[in-house]
Amino acid sequence: MVLETRNDAVLGASREVSLFSFLDIMERIFATRVVVFVMVVGVASQFVAQAESPSVSQGSAGSQQVQGPAAVAPAIPQYSNSESGLENLMRDMVSLRQRNDPAALASYFQSLVLPDPETWFSSEFGDADCEARDLGPNDCLGPRMAWYYTVTAKTLPDSFALTLADLAHENLANFEAVNQSEQCAGPMRIAPAQELIGEFTTVPVLLTPWSKLVRQNEPVYVLWAFNESKETTLNFFVYSQGAFRYIGMPRPAPADDYRQKKYSEGSFPPTSPSILTSEQLSMKHVLIQLDKVQRTVVVRVVVDREGKPTQVSYVRGAETFKDAAIENTRKRRFERPGFGPHGLHPNVFCLAVASR
């Protein structure tokens with residue numbers, strides 16, 4: 001199953017409203033036609049500084065030192081399975097690079113490799129019918145994905161070192177992590193680039209309804225790196241055995257290739273380390289005013305054929321402004337779903353309402 005994202009849809013909006021990008025994962029799976037789009041209004045050109053990361057030796061806020069036995073004991077602090085935990089991990093790696101501590105960085109880079117990938121992928125995506133004579137598209141999915149992941153794992157530490165150096169060179173030293181498993185997932189502190197968002201909905205294997213990632217709503221993280229005028233993403237991270245692991249853009253190995261591997265144990269062709277970020281895009285406005293973010297409420301909206309809201313539900317954001325945001329959205333009228341002058345419009349979308 002491949003989900004497509006149309007990036008040319010724009011709905012009318014007042015100056016107080018900005019549109020965020022994502023429906024919840026299940027609706028992206030089962031909707032007949034889903035359009036994901038972004039329109040941010042009233043972004044500020046002034047830079048919003050990220051909080052400075054504490055020293056690695058003490059552990060970041062949202063992280064703590066590993067205590068007691070663990071299935072895999074990383075030689076780094078243990079970070080919480082949360083958006084802030086991933087952000088702190090990245091800030092600490094940036095700090096170590098600035099301090100020129102390659103030995104400590106090596107431990108961080110190695111910790112990003114998923115341990116025992118066949119067990120993890122099989123647990124998340126299943127390992128049924130691996131002995132079938134003719135493997136179907138979804139047969140033996142976990143082991144086939146794990147075998148493909150070996151391409152990423154072999155060069156991941158060196159690739160992440162290149163990535164960190166490139167982020168520093170481009171001055172992309174501010175981070176916002178987003179859990180894509182959440183309803184209406186999307187960055188709140190920045191205006192997300194449409195081209196980058198489109199990548200998230202074209203990884204069909206992550207969105208298969210029978211996977212545990214979907215059924216149990218397990219976190220799958222995207223990391224946004226940005227400055228005042230440019231942004232990029234690192235996709236995707238999961239949390240396994242007490243640490244963040246980078247899985248990249250996972251996909252199953254073709255059935256024929258996997259079969260050949262089973263008999264010959266042949267490996268993938270040699271690969272070189274590479275920069276892992278998506279395209280780095282320059283934008284007129286990236287950062288949103290901090291005070292506007294603190295007044296923003298994200299709602300989920302369903303409209304009828306005439307563009308009239310029939311359902312408006314609170315998703316996240318400033319609870320103080322929740323009722324006002326819902327009431328204001330109910331009074332709005334949107335372009336009718338279907339093909340319009342600006343492209344295809346959905347009947348279900350997410351809206352970020354910033355109160356004055």
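This is a predicted model: local features need pLDDT of at least 70, side-chain atom pairs count only at pLDDT 80 or more; totals for chains, interfaces and linings use all residues.
Rings of Phe, Tyr and Trp (its six-membered ring) are taken to pair if their centres lie within 6.5 Å, with planes under 30 degrees apart counted as stacked, over 60 as edge-to-face and the rest as tilted. Residues are numbered from 1 along each chain as its sequence is written, and side-chain values use heavy atoms, with hydrogens and water left out.

Ring pairs link Phe109, Phe160, Phe237 and Tyr246 into a cluster. Across the whole structure, 12 aromatic pairs are found. In one of them, the ring centres of Phe160 and Phe237 lie 6.4 Å apart and the planes meet at 75°, so the pair is edge-to-face. This pair connects distant parts of the chain, with Phe160 in helix H5 and Phe237 in strand E6 (residues 230-240), 77 residues apart; helices (H or I, at least four residues) and strands (E, at least two) are DSSP runs, numbered from the N terminus. Phe160 also forms an edge-to-face pair with Tyr246, at 6.2 Å centre to centre and 75° between the planes. Because Phe160 lies in helix H5 and Tyr246 in strand E7 (residues 243-246), the latter pair ties together parts that are 86 residues apart in sequence.

Both Phe160 and Phe237 are buried, a term that denotes under 20% relative accessible area, against over 50% for exposed and partly exposed in between (1.4 Å probe, protein chains only). The relative accessible area of Phe160 is 0%, and Tyr246 counts as buried at 4%.

Tyr246 also belongs to the lining of the largest pocket, where Thr152, Tyr246, Gly248, Met249 and Leu276 are the closest to the centre among 24 lining residues. The largest pocket holds about 390 Å³ of space. On a 1 Å grid over the protein atoms alone, a pocket is an open set of points where a 1.4 Å probe fits, with protein on both sides within 12 Å along at least five of seven lines, and lining residues have an atom within 4 Å of a point. Grid points are joined across faces, edges and corners, and the volume is the space filled by probe spheres set on the points. Helix H5 (residues 141-169) gives the most to this lining, with 8 residues. By class, the lining comprises 13 nonpolar, 9 polar and 2 charged residues (Ala, Val, Leu, Ile, Met, Phe, Trp, Tyr, Cys and Pro count as nonpolar, Asp, Glu, Lys and Arg as charged, and the others, Gly among them, as polar).

The structure holds 2 disulfides, each defined as a pair of cysteine sulfur atoms within 2.5 Å. Counting bonded cysteines along the chain, the pattern is 1-2, 3-4. Cys130 is joined to Cys140 with an S to S distance of 2.0 Å, and this link is right-handed, with 90° about the S-S bond. Cys130 counts as buried at 11% relative accessibility, and Cys140 is buried at 0%.

In the disulfide of Cys184 and Cys350, the sulfur atoms are 2.1 Å apart. The torsion about its S-S bond is about -70°, so this disulfide is left-handed. Distant parts of the chain are linked here: Cys184 lies in the loop between strand E4 (174-179) and helix H6 (194-200), and Cys350 in strand E13 (residues 348-354), 166 residues apart. Cys184 is buried at 0% relative accessibility, and Cys350 is buried at 1%.
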